[in-house]
Every structure is written in structure tokens, then in C-alpha cells.
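Here are my notes on the model you sent over.

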Amino acid sequence: MNRIPVVAGNWKMNKTPAEAAELARALVSAVGGLLGVEVVLCPPFVSLHVVGEIVKGTRIGLGAQNLHWEKSGAFTGEVSAPMLAGWCAHVIVGHSERRQYFGETDQTVNKKAKAALAHKLTPIICVGETLSEYEAGETSEVVTRQVWQAYADLNRDEAERTLIAYEPVWAIGTGKAATGVGANAVIGLNIRGIIADLFGSATADGLRVLYGGSVTPANIVEFMAQPDIDGGLVGGASLKAPDFEAIVKAAAQAKA
Ligand code: PEP
């Protein structure tokens with residue numbers, strides 16, 4: 001299966017709109033025309049418009065970092081799928097920071113994924129075990145459960161319109177990335193394997209699964225060399241144009 005790599009930059013709560021514009025301009029000139037890889041920038045909500053104008057007409061896509069599952073209503077501070085649909089094509093769902101600090105559960109991740117899909121957004125569904133779960137040997141169980149629940153009641157067509165990011169929580173922002181072989185094993189068994197059980201092997205083979213957690217220009221090659229890893233969800237290194245450029249170019253080359 002020939003899966004085009006994807007590299008998504010999660011800018012988290014960083015960059016003012018002016019700073020976001022500057023970074024987006026640098027990335028457009030660095031990788032805006034690059035073939036063989038999909039690049040998605042996920043700035044904060046308030047910068048979606050300015051970054052969207054800068055990447056328009058280039059090969060760089062745009063994503064949000066979160067959404068609410070309701071279409072509208074009395075949910076102060078929230079943003080819905082129909083609001084995002086006019087602005088971007090992707091949205092991160094269930095990032096571990098949302099699970100950890102904002103009470104997101106497997107059930108709300110499922111509702112958010114469904115809301116995104118209903119409005120033609122591509123959810124980037126994040127799964128991954130915490131440090132204590134990792135140390136207790138519970139990685140398989142946790143990731144399997146997260147995938148099962150995130151995809152509950154989705155049909156095959158919807159599942160095929162998703163991306164998944166395996167992000168061990170202990171690797172996010174810590175500088176301690178997983179090994180390529182270790183991440184590949186979890187992705188093959190507990191992500192692609194479960195997707196195959198749920199939707200069949202053709203869907204599992206076609207699904208693009210990213211690794212996230214302290215990805216750098218130095219380690220991206222190791223991740224991209226793995227058969228089940230199709231790209232990266234990049235936090236810290238996505239805020240520095242030269243680093244993100246190097247990661248994107250390495251991802252494109254690895255599967256060329
Ligand atoms: C992330 O935010 O999804 C992430 C993987 O962060 P970092 O690359 O900084 O570990």
C-alpha cells in the first residue's frame with residue numbers, strides 16, 4: 001500500500017497571529033511546493049484565518065487543534081465543526097493535553113471525531129499511553145481501548161477519512177522519543193490491527209498513522225523507516241521553520 005506521508009505541526013498555544021503569519025510565510029517558501037508529502041499546520045484558532053490566507057494556493061494544508069461536538073449553542077469558549085469547515089480541512093482530536101487538562105475522555109473523542117467527519121473535516125485522532133501506563137506494561141490495552149472507542153459507530157467510509165497519531169504521552173515535549181521499532185510495533189498491532197478488526201484489512205492498510213512525541217530532524221528518519229509509520233505529528237519542532245522544514249523533507253524522501 002502506497003500511503004503518502006503526512007507531517008502535521010501542532011503549534012499548541014504558541015504564536016500571536018503576527019508571529020504565526022511569519023512562521024507560515026517561512027514554511028511556504030521552504031516546503032509550500034514540495035511533492036510526496038502532505039503538510040498540515042495547526043495554529044491556535046485565532047491564527048487560522050491569517051495562516052489560511054498565507055498557505056492558500058500552496059500545497060500546505062490547515063488544521064485546528066480542537067472542536068466541540070455540538071453544531072452551536074451555549075458552550076462559551078468553544079468552536080464547532082461547521083465553524084471550522086470554512087477555514088480548514090483538518091482538526092486534531094483527543095490530544096493528550098486535552099485529555100489531561102480539559103477532561104476529554106474516549107467518549108468525547110468519539111463525539112468530536114464524528115462531528116468533524118460530519119462536516120467533511122479530517123480528524124487527526126490522537127491516542128497513546130501515559131508514563132505510568134507504559135511502566136505498568138499497559139500500552140497495548142490502553143491504545144487498543146482508545147482506538148476502539150474513538151472509532152465506535154463510525155462506518156468504513158468515515159474511518160477511511162481519518163488520520164491517527166500514536167503519541168505516547170511520556171514522549172510528548174520531553175525530548176525522550178519512543179524508538180522507531182517500539183512505536184511501529186504499537187501502531188501495527190494496536191492501531192492498524194484494531195482498525196483491521198473493525199473495518200477490514202483494506203481500510204487498515206490504507207489508513208495513515210503518524211508518530212508523535214519529541215520528533216526532531218535527527219530522529220524523523222528512524223520513524224519514517226518503519227513500515228507502519230506514515231509521518232509525524234510534531235509539536236516543539238514545528239515552531240522552528242528550519243527544523244520543521246527538515247522533518248517534512250525527510251518524511252517526503254523516506255517514502256519516495
Ligand atoms: C504534540 O504536541 O503532539 C507533540 C508531539 O509535541 P512534541 O513534538 O513537542 O513532543
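1. In the ligand site, a polar side-chain atom of His 95 lies 2.9 Å from an oxygen atom of the ligand. I count a polar contact as a pair of N or O atoms within 3.5 Å. Lys 12 has a side-chain N or O atom 2.7 Å from a ligand oxygen, and for Glu 167 the distance from a side-chain N or O atom to an oxygen of the ligand is 2.7 Å. How much of the ligand does the protein bury? Taken alone, the ligand exposes 290 Å², of which 96% is buried by the protein (Shrake-Rupley method, 1.4 Å probe).

2. A word on the source: this is a predicted model, where local features need pLDDT of at least 70 and side-chain atom pairs count only at pLDDT 80 or more, while totals for chains, interfaces and linings use all residues. Residues are numbered from 1 along each chain as its sequence is written, and side-chain values use heavy atoms, with hydrogens and water left out.

3. Around the ligand there are 14 residues, and Lys 12, Glu 167, Gly 173, Ser 214 and Gly 236 come nearest (a residue is near if one of its heavy atoms lies within 4 Å). This shell has four nonpolar, eight polar and two charged residues, with Gly counted as polar.

4. Now the helices. The axes of α1 (residues 17-31) and α12 (residues 241-254) come within 10 Å and cross at roughly 35 degrees; the crossing is right-handed. Among the contact residues are Leu 23 and Leu 27 of α1, and Phe 244 and Val 248 of α12 (contact means heavy atoms within 4.5 Å). By class, this contact has eight nonpolar, no polar and two charged residues.

5. Helices α7 (residues 139-150) and α9 (residues 180-199) pack at about 35 degrees, with their axes 9 Å apart. Their crossing is right-handed. The contact includes Val 143 and Trp 148 of α7, and Ile 191 and Leu 198 of α9.

Methods
A polar contact is a pair of N or O atoms within 3.5 Å; within protein, one must be able to donate a hydrogen and the other to accept it, and residues adjacent in sequence count only if both atoms are side-chain atoms. Axes are lines fitted to C-alpha atoms, for helices over the stretch in contact, and angles run from 0 to 180 degrees between N-to-C directions. Helices (H or I, at least four residues) and strands (E, at least two) are DSSP runs, numbered from the N terminus. A crossing is left-handed if the near helix is turned anticlockwise from the far one by less than a right angle, and right-handed if clockwise.
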